[in-house]
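Visitor: Hey, I've just opened this one and could use a hand finding my way around. Can we go through it bit by bit?

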Amino acid sequence: MIEYSESHLGEPEIRTLMQAAFEVCAGSGVMQADDVKVRALPLKYVLLQGGATSFVHITLSLLAGRTPQQKEALAIALRERLGGDFPDIDALSIDVRDMDPVAYKKRLRGA
C-alpha cells in the first residue's frame, strides 16, 4: 500500500511510482510477480514537520517466512529506486510487515 500526499503527486506521477514499486518487488526474488499487488491511497490532509510538504509511505505486507535480510534488502531497493525516480519527495519511508499465513485468506475468482 502506497500512501502519499495528494497535493504533491498527480495521476501520471503516482502511476509511474506504482509501476516502479511493482518492478522492484517483482524483480527482488523475494516474491513472485503474480503475487505483487500495488495500491495507492492519496491523503488530502497531511501535517509534516520541518517544512516538508510531500511524502510517500509504503507498507509492504509479506507472508511470514522471509529473512530479516531479505526484508531489509527489499526496503532498501524500494527506497533507492523511488528516491532516485522521485528526488523531490520530501519524506520517503518503507515498512515491511509479516502477515500470518494461517490467518491470511484470499479468494480468486475462477480458482
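Visitor: Let's start with the largest pocket. How do the residues of its lining divide into nonpolar, polar and charged?
Guide: There are 14 nonpolar residues in that lining, along with three polar and five charged ones. Keep in mind that this is a predicted model.

Visitor: Okay, and which residues lie nearest the centre of the largest pocket?
Guide: Those are Met31, Asp35, Lys37, Ser61 and Met99, out of 22 residues that line the pocket.

Visitor: Which elements give two or more residues to that lining?
Guide: That would be α1 and β3. The largest share is from β3, which supplies six residues.

Visitor: And what volume does the largest pocket have?
Guide: About 580 Å³.

Visitor: Let me step back a bit. How many helices and strands does the protein have?
Guide: You'll find two helices and four strands. Going along the sequence, they follow the pattern β-α-β-β-α-β.

Visitor: What order do the strands take in the sheet?
Guide: The order is β2-β1-β3-β4, in an open sheet with mixed pairing.

Visitor: Which strands stand at the edges, then?
Guide: β2 (40-43) and β4 (91-99) do. Each has a single partner strand, so one side of each is left without a neighbour in the sheet. On average, neighbouring strands here are turned by 15 degrees against each other, ignoring direction.

Visitor: How about β1 and β3, in which sense do they pair?
Guide: Antiparallel, over three bridges. β1 covers residues 2-5 and β3 covers residues 55-63. If you want a spot to look at, tyrosine 4 has valine 56 in β3 as its bridge partner.

Visitor: Where does helix α1 pack?
Guide: On the sheet, where α1 (residues 11-26) touches β1, β2 and β3. The direction of α1 makes about 150 degrees with that of β1.

Visitor: And which strands does helix α2 touch?
Guide: Helix α2 (residues 68-85) also packs on the sheet and touches β3 and β4. Its direction makes about 155 degrees with that of β4.

Visitor: Switching topic: how many salt bridges does the count come to?
Guide: Six, counting a Lys or Arg side-chain nitrogen within 4 Å of an Asp or Glu carboxyl oxygen. One of them joins the side chains of aspartate 98 and lysine 71, at 3.0 Å from N to O.

Visitor: Where do aspartate 98 and lysine 71 sit in the chain?
Guide: Aspartate 98 is in strand β4 and lysine 71 is in helix α2. They are 27 residues apart, so the pair links distant parts of the chain.

Conventions:
Residues numbered from 1 in each chain as written. Predicted model: local features only at pLDDT ≥ 70, side-chain atom pairs only at ≥ 80, totals over all residues. Heavy atoms only, no water. Pairing = 2+ DSSP bridges. Axes fitted to C-alpha atoms, helices over the stretch in contact; angles between N-to-C directions. Contact = heavy atoms within 4.5 Å. 1 Å grid on protein atoms, 1.4 Å probe; cavity = no way out; pocket = protein on both sides within 12 Å on 5 of 7 lines; lining within 4 Å. Points joined across faces, edges and corners; volume = space filled by probe spheres on them. Nonpolar A, V, L, I, M, F, W, Y, C, P; charged D, E, K, R; others polar.
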